[in-house]
Amino acid sequence: MTHTLEQIDAPASSTPSPVDWSKVQKWGVLGGLTMSFIAAIGMVTALDQRLIISPWLSLGFLTLLWIPVVFGIIAATEDAETPGVAGDRDVISGLVTGLLSGLFFAFFIVIIDAFDLTDIFRNLGPKLVELLTFGRGVGVAAALWIISCGLLGLLGGTLKIAPRMARSMIGAAAMSVVGVALLEIIVTDITQGLRIEFVADWIYALNGGLTPASALVIAAGSALFGLRSDGSTLAERRLERMNLDPEVRFRKNVVAAVLTILAVIFLPMILGGLTNDLLANVGLFILMGLGLNIVVGSAGLLDLGYVAFFAVGAYTTAVLTSPLSPFYTPGWTLNFLSLEGAAVITIVLIMAVIAGVLVGTPVIRLRGDYLAIVTLGFGEIVRILFLSDWLAPYFGGAQGITNVPSAGLGPVEIRGTSSQAMFYLIAAFVGAAIYVAWRLQASRTGRAWTALREDEDAAEAMGINTTAAKLTAFVIGAIFAGFAGMIFAVKVGSIFPSSFKLLLSIIILVIVIVGGMGSIPGVIIGAVVLIGILGGPTQQGLLQEFGQFKLLIYGALLVVMMLKRPEGLWPNVRRQRELHQDEMSQDAWLMEESSQDKDGDS
Amino acid sequence: MHDRTPVLEFRGINVHYGLVHVLKDLNLTIYPGELVCLLGGNASGKTTTLKTILGMVQPSSGDVLIDGDIVTGDSTTQIVSRGVTMVPENRRLFNRMTVRENLNIGAYLRTDRDALEADMEHIFEMFPRVKERLNQKAGTLSGGEQQMVAVGRALMAKPRVLLMDEPSMGLAPVLVQQNFDIIEQINNDGVTVFMVEQNANMALSIADRGYVLLTGSIVLEDTASNLLANEDLRKAYLGEVE
């Protein structure tokens with residue numbers, strides 16, 4: 001339950017209070033601005049070919065149409081806390097917000113129709129106008145947009161006061177229609193694996209998207225499913241779980257773990273190549289995320305040059321095993337059941353430790369922002385070294401190192417192109433990494449890290465060797481990334497400096513933040529959401545269409561997360577409590593202030 | 001009277017922060033079982049003195065001795081494991097950790113893990129309130145409770161020497177007295193206490209001896225009762241107005 005400043009200011013009276021016009025105005029204009037922005041960056045035009053429901057609704061239009069609904073809900077939300085007034089004003093708030101957004105957007109259409117702005121904004125050309133006016137002239141289109149946005153806003157406001165059951169039904173229906181439509185590739189891939197292609201053929205229209213009939217069936221089916229649930233939110237369910245009897249919870253956890261392990265073993269056999277490859281990429285990022293989570297989440301050291309360790313692992317593997325490298329010894333491959341393979345792993349481990357110590361030692365005395373800047377520099381230096389002409393005889397400069405042989409397990413070859421085998425390999429490493437990270441969290445070192453993150457000086461006064469603790473975190477993080485690099489090298493078969501850009505460090509950091517700092521399940525969820533759904537820097541995600549807007553969405557997601565859910569999607573229990581305590585004490589303070597103000601007035 | 005080895009000793013300590021000469025040729029001697037307080041105004045070098053003992057600040061010259069051994073240049077970890085612990089200024093609890101976790105961090109360097117539970121019980125006897133708050137975040141406690149946890153956390157290290165930096169700072173007057181009673185009790189249990197305090201009257205009323213620090217130099221050193229009786233000191237440092 002969160003209180004906002006406005007709520008406290010609003011007079012609490014028993015009569016239905018009037019609509020909060022300033023809020024409606026704000027969200028209405030914001031909605032119009034957001035819609036114009038999305039149209040201006042070219043999302044609508046780019047995604048118009050991608051159909052959700054063939055032939056009526058494209059993804060391009062969907063990127064606009066969700067706005068009046070959601071902003072309508074937000075504008076109407078305020079009344080929820082005040083008793084006895086839910087009703088007309090929610091609906092009115094939603095409607096007016098939607099109308100305002102529509103008005104604003106219609107104005108935007110009129111402008112881009114009247115002036116050719118393509119010199120400045122490449123997307124604001126006739127093509128967009130044509131699309132947004134449905135070829136019926138600006139006047140009609142503007143009216144259509146205002147009306148439909150108003151209706152969508154009305155829908156949002158109505159949803160707000162609708163009974164929980166209805167909301168969860170509509171939500172489930174909408175989500176699953178959009179979800180199934182977006183997951184077309186993966187669903188087709190899975191049905192092919194299961195040899196039930198006809199299901200996919202029925203669901204999807206020839207030119208992509210759901211057919212109206214399948215959309216109806218899916219919506220109805222998931223609405224029924226929504227009917228079954230009691231409408232409780234995920235957070236409530238989590239809380240419920242946390243309050244369970246420890247023994248029951250333990251048993252549930254064991255069941256969940258066994259199911260997960262079984263799924264990891266058997267799913268790849270069912271899934272198609274595409275899906276397996278996607279999951280393998282997600283696994284690679286989980287591995288790196290777990291490592292960075294120790295550095296940033298546990299020890300509180302903001303490392304922006306984490307990609308350096310990934311690069312070191314990848315280059316070490318490539319240099320040792322590629323026949324094109326001057327250090328190549330015949331017979332050396334990453335075969336996990338051979339002496340040479342063990343040697344490769346050991347050398348990767350040693351190099352990662354050395355890199356961790358080399359980067360860690362000079363920066364360990366720095367704190368906060370300074371640490372972040374310096375590590376950022378180190379990350380770039382490592383990439384530039386690999387790129388340099390000076391070291392080109394060893395690392396190939398911009399040409400990188402190619403022909404890295406595949407990994408193996410005894411006689412079995414783990415080809416980079418065989419996504420199934422790759423998935424198992426990465427899953428094994430991720431499993432080991434999860435275990436290590438989990439054990440570390442509960443260890444003495446883990447407690448030292450927590451204290452360090454909280455208050456470095458006090459931790460030192462307690463006798464914690466802060467330098468050693470920080471260096472340990474750095475080195476363990478480096479080892480995780482080094483192994484991820486090793487797998488990356490055998491997976492893609494060729495290594496170039498351009499694979500190790502700053503962006504990669506940032507994306508791993510975003511995974512950790514979005515998932516929930518310091519939380520192991522959080523890292524997994526973060527990697528699944530960001531890499532699996534949106535895609536990595538070079539890896540395809542489920543929503544390939546969003547590829548060119550990926551970074552924009554990352555940014556938006558990060559901002560929204562920081563504002564609304566700073567503890568992450570699956571927070572560390574400790575951190576969630578922290579943030580909510582802060583929130584509550586902050587609100588308490590505000591309440592006190594406002595009550596004092598009132599006292600002063602009277 | 002003191003024929004024993006001093007548990008803590010400063011021999012001609014000089015500390016510089018860059019160009020600023022913070023401690024000037026400081027000599028201190030503290031014997032086992034004593035309760036000594038270090039008085040002085042703002043920026044006189046009191047906290048630096050404690051940090052120098054713990055090795056968090058390195059002197060530019062001079063020696064720190066613990067039990068007669070020179071420990072100058074040793075790390076904080078080494079000094080804490082010799083049985084010297086500090087209750088830092090403003091308590092500096094790990095606010096987002098629970099009270100229990102705070103107490104456990106206090107015992108971080110101890111190897112006799114089995115004895116921890118018993119020691120925790122001892123702290124609960126001293127501060128029953130701490131036991132009630134065991135699973136609460138330290139940051140949500142009141143100032144007085146935080147002080148209890150800070151002292152408890154330091155005691156979990158089983159110190160022979162307890163350094164206290166402004167223990168009464170930020171406490172309500174009624175708690176200040178209680179706090180000094182606790183310090184006296186800890187001292188009676190055999191722990192040497194070296195305390196930095198601005199509240200000179202209170203501090204001297206429980207202390208055996210006192211040092212007065214003025215811009216990095218010791219200007220007075222005497223028994224607590226003599227210091228309390230000293231007219232100049234009363235005027236200059238005890239904030240007494242005629």
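Which helix of chain B lies across strands E6 and E7? In this predicted model, the element in that position is helix H6, formed by residues 143–155 of chain B.

Strands E6 and E7 belong to an open sheet of six strands in chain B, ordered E6-E7-E8-E3-E9-E10, in which the pairing is mixed. The edges of the sheet are formed by strand E6 (84–87) and strand E10 (217–223) of chain B, each of which pairs on one side only. Direction ignored, neighbouring strands of this sheet are turned by 20° against each other on average. Within the sheet, strand E3 (residues 35–40) and strand E9 (residues 209–214) of chain B run parallel and are joined by five bridges. In this pair of strands, B:Leu38 stands opposite B:Tyr211 in E9(B). A further helix, H7 (residues 173–188) of chain B, packs on the sheet and touches E3, E7 and strand E8 (192–197). The direction of helix H7 makes about 155° with that of E8(B).

A second open sheet of chain B consists of four strands in the order E2-E1-E4-E5, with antiparallel pairing. Its edge strands, each pairing on one side only, are strand E2 (20–30) and strand E5 (69–70) of chain B. Strand E4 (residues 61–66) of chain B and E5(B) run antiparallel and are connected by two bridges. B:Ile66 has B:Asp69 as its bridge partner in E5(B). Helix H1, comprising residues 46–54 of chain B, lies across strand E1 (8–17), E2 and E4 of the chain.

At the level of domains, chain B is divided into domain 1, made up of 1–83 + 161–242, and domain 2, covering 97–158. The centres of domain 1 and domain 2 of chain B, taken over C-alpha atoms, are separated by 24 Å. Eleven residues from domain 1 of chain B and eight residues from domain 2 of chain B take part in the contact. On the side of domain 1 of chain B that touches domain 2 of chain B, helix H2 (76–81) and helix H7 each supply at least two residues. By class, this side of domain 1 of chain B has seven nonpolar and four polar residues, and no charged residues.

How values were computed:
Residues are numbered from 1 along each chain as its sequence is written. Chains are lettered from A and ligands numbered from 1 in the order in which they are written. This is a predicted model: local features need pLDDT of at least 70, side-chain atom pairs count only at pLDDT 80 or more; totals for chains, interfaces and linings use all residues. Two strands pair if DSSP finds at least two bridges between them. Axes are lines fitted to C-alpha atoms, for helices over the stretch in contact, and angles run from 0 to 180 degrees between N-to-C directions. Two residues are in contact if their C-beta atoms, placed from the backbone, lie within 7 Å. Domain bounds come from an automatic or database domain assignment. Ala, Val, Leu, Ile, Met, Phe, Trp, Tyr, Cys and Pro count as nonpolar, Asp, Glu, Lys and Arg as charged, and the others, Gly among them, as polar.
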